[in-house]
Amino acid sequence: MAQTIRFFEPSRAFTVAEMASLCEGTLREGDDGSRTITTGAPLEAAGPDSLTFLDNAKYASALQETAATAVVCAEKNLRHVPEGVCVILSSQPYRSFALAMAALFPMAMRPKAVFGEGIHGGAHIHPTAQLEEGAHVDPGAVIGPDARIGNGTVICANAVIGAGVTIGRNCAIGVGATVSHAMIGNNVIIHGGVRIGNDGFGFAMGPGGHLKVPQVGRVVIQDSVEIGANTCVDRGSNRDTIIGEGTKIDDLVMIGHNVVIGRHCVIVGQVGIAGSATLEDYVVLGGQVAINGHITIGMGAQIAGLSGVSGDVPAGARWGGVPARPIKHWMRDIARLRREAFAMENQKGKSK
């Protein structure tokens, strides 16, 4: 039988007491903090040496049957914990479990160089590019003229870094990603297949044809941004496309030219943001949301998945639907449509 390959090995074994401290929790009084944890697992799959968690009461029955060494949960769920399972108490179990998993599996936190540390001989680096000591470049990667790469940054296989691009320290550029016309801060993660800095969709349209408008802006990505696989971020046309500090972007997102995204936004898969739209800080966009161009989504606003936003959204608002509107209006409209559909079906039944 072929040898089983584990893609992520634990960094080391942790005691339950160590893990409680690492994940900002509190070990339940009387529990044995010297027991060891070497992995994390869901409730139903957890076994000896496993840490698990309960964040949603819907899964309380699975907790009652778990064979984990320890569970992270809130105090209100203690009654569901089976005998012999240690408890790490946390008001935010999922967050605590994430901290624990980061300690156990640090190699899973960002793309890694396939060939290990250093600059591989199969990389193609222009003589004028500047790489700080401690940068890592895989074979097949291309780094263009006058590009600058910071210490601790990983450029994975077949990634292309264009001329003049700057990438800060401790970043990761995934396999096959391309970055051009961009300035990138520190601790940024760009997953495989991402396209940053391509042409924006800019045309002066008219009956005689559609005249291409040169796209001469940049993409500016601030610190601690993460961009999921196969997402596209167009460069600005006459000003910059900007992604603010700490923003997290899922796979398959389209961000048009001149878009400005604030700090700590969350953008879920298959969102499309048209040119010159502005998202203020802490905005959340559900999956497949479409944002019209030249509009502003106010700070802290949340847009439900599958919504189409055609106009400005106030700060702190919760909108949904097509066209998007306040959630309570959307739900009221859906309820009315259901009532009308039900009445029509009843009327058809009576007329037969």
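Let's start with asparagine 158 and what sits around it. Leaving out the neighbours within four places in sequence, asparagine 158 is in contact with Pro139, Gly140, Ala141, Gly176 and Ala177. Where is asparagine 158 in the chain? It lies in the loop between β13, residues 154-155, and β14. And keep in mind as I go that this is a predicted model.

Now take asparagine 158 and serine 34. Those two are 124 residues apart along the chain, and their C-alpha atoms are separated by 45 Å. For the whole protein, the C-alpha atoms fill a box of roughly 80 × 75 × 45 Å, taken along the principal axes.

While we're on the whole protein, here is the inventory. There are four helices and 39 strands. The protein has 352 residues, and 43% of them count as buried. The accessible surface comes to about 18,200 Å², with 55% of that belonging to carbon and sulfur atoms. And if you take contacts between residues at least 6 apart in sequence, 22% of them join residues at least 24 apart.

Okay, on to the strands. There's an open sheet of ten strands, paired in parallel, and the order goes β8-β11-β14-β17-β20-β25-β28-β31-β34-β37. Which strands stand at the edges? Those are β8, residues 124-125, and β37, residues 308-309; each has a single partner strand, so one side of each is left without a neighbour in the sheet.

Let me walk you through some of the pairings. Strand β11, residues 142-143, runs parallel to strand β14, residues 160-161, and two bridges join them.

Threonine 178 has its bridge partner in β20, and that's arginine 195. Then β20 pairs with strand β25, residues 232-234, over three bridges, also in the parallel sense. There, asparagine 198 is partnered with aspartate 234 in β25.

Next up, charges. Side chains of opposite charge can pair when their charged atoms come close. How many salt bridges do we count here? The count comes to eleven.

One of them is between aspartate 281 and arginine 263, with the closest N and O atoms 2.9 Å apart. Aspartate 281 lies in the loop between β32 (278-279) and β33 (284-285), and arginine 263 in the loop between β29 (260-261) and β30 (266-267), so this pair ties together parts that are 18 residues apart in sequence. Are the two partners buried or exposed? Aspartate 281 is buried, at a relative accessible area of 16%, while arginine 263 is partly exposed, at 34%.

Then have a look at aspartate 333. Its side chain meets that of arginine 325 in a salt bridge, at 2.8 Å from N to O. Aspartate 333 also has a salt bridge with arginine 336, this time at 3.2 Å. Arginine 336 and aspartate 333 both sit in helix α4, residues 327-351, three residues apart, which is about one turn of the helix. Salt bridges with shared partners join Arg325, Asp333, Arg336 and Glu340 into one network. Within that group, aspartate 333 counts as buried, at 16% relative accessibility, and arginine 336 is partly exposed, at 37%.

Two last stops, back towards the start of the chain. Aspartate 31 is in the loop between β2 (26-27) and β3 (36-37). Its side chain makes a polar contact with the side chain of arginine 28, at 3.0 Å. Setting aside residues up to four places away in sequence, aspartate 31 touches Val85, Cys86 and Val87.

And finally, the surface. Which residues make up the nonpolar surface patch of about 390 Å²? They're Phe7, Phe8 and Met107. Phenylalanine 8 lies in the segment before β1, residues 14-15, and it is partly exposed, with a relative accessible area of 42%.

Conventions
Residues are numbered from 1 along each chain as its sequence is written. This is a predicted model: local features need pLDDT of at least 70, side-chain atom pairs count only at pLDDT 80 or more; totals for chains, interfaces and linings use all residues. Side-chain values use heavy atoms; hydrogens and water are left out. A polar contact is a pair of N or O atoms within 3.5 Å; within protein, one must be able to donate a hydrogen and the other to accept it, and residues adjacent in sequence count only if both atoms are side-chain atoms. Contact means heavy atoms within 4.5 Å. Two strands pair if DSSP finds at least two bridges between them. Patches are made of residues with over 30% relative accessible area and no salt bridge: like charges are joined within 9 Å, nonpolar side chains (Val, Leu, Ile, Met, Phe, Trp, Tyr) within 5 Å. Accessible areas come from the Shrake-Rupley method with a 1.4 Å probe; for residues, only the protein chains shown count as cover. A salt bridge is a side-chain nitrogen of Lys or Arg within 4 Å of a carboxyl oxygen of Asp or Glu. Buried means under 20% relative accessible area, exposed over 50%, partly exposed in between (1.4 Å probe, protein chains only).
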